[in-house]
Amino acid sequence: QVQLVESGGGSVQAGGSLRLSCAASGDIYARKCMAWFRQVPGKEREGVAAIDSGDFSSSFVNSVKDRFTISQDNAKNTMYLQMNSLKPEDTAMYYCAASPPLPETCHDRGEADFPHWGQGTQVTVSS
């Protein structure tokens, strides 16, 4: 079993920053790939960033490249999403997700490849 708990969401003005945290516990094998997704009501969940817990390689959706960074502290079992230069279109519920090893790399996986999810943390960016 894997438990994921997000924190760090909130309300900021455009141009501001937030750092989301995802505290993980449970089967380390099942947490090979960690990712952040976001969802706006009425829209599909979107993958934002992913990180490989082994080699720490990362990937990002184009809309957040150069603004967001993803990192992982394995000693603390915590993943982070540093969000800078926030825009109103970044407003969403942000979810942490974990996936075990699969044939696909961590950066070629979709929502269906992640069996473990947190409860989400809301990010609201005002203009």
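Biologist: Which residue in β9 does A35 stand opposite?
Modeller: This is a predicted model, and in it A35 stands opposite A97 of β9. The pairing belongs to strand β4 (residues 33-39) and β9, which run antiparallel and are joined by 7 bridges.
Biologist: And what stands opposite A97 in β10?
Modeller: In β10 the residue opposite A97 is W117; strand β10 (residues 116-117) pairs with β9 over 2 bridges, in the antiparallel sense.
Biologist: How many bridges join β9 to β11?
Modeller: There are 3 bridges between β9 and strand β11 (residues 121-126), and these two run antiparallel. Within β11, V123 is the bridge partner of A92.
Biologist: Why would you call β9 largely enclosed?
Modeller: Because 7 of the 8 residues in strand β9 (residues 92-99) are buried, the strand is largely enclosed by the rest of the structure. Buried here means under 20% relative accessible area.
Biologist: Changing topic, what volume does the largest pocket have?
Modeller: The largest pocket has a volume of about 170 Å³. Its lining is made up of 14 residues, and those nearest the centre are G47, A49, A50, S59 and R109.
Biologist: Which elements give two or more residues to that lining?
Modeller: Those elements are β4, β5 (46-52) and β6 (58-60), with β5 giving the most to the lining of the largest pocket, namely 4 residues.
Biologist: And what is the lining like by class?
Modeller: The lining of the largest pocket has 10 nonpolar residues, 3 polar and 1 charged.

Definitions and conventions:
Residues numbered from 1 in each chain as written. Predicted model: local features only at pLDDT ≥ 70, side-chain atom pairs only at ≥ 80, totals over all residues. Heavy atoms only, no water. Buried < 20%, exposed > 50% of the residue type's maximum accessible area, 1.4 Å probe, protein only. Pairing = 2+ DSSP bridges. 1 Å grid on protein atoms, 1.4 Å probe; cavity = no way out; pocket = protein on both sides within 12 Å on 5 of 7 lines; lining within 4 Å. Points joined across faces, edges and corners; volume = space filled by probe spheres on them. Nonpolar A, V, L, I, M, F, W, Y, C, P; charged D, E, K, R; others polar.
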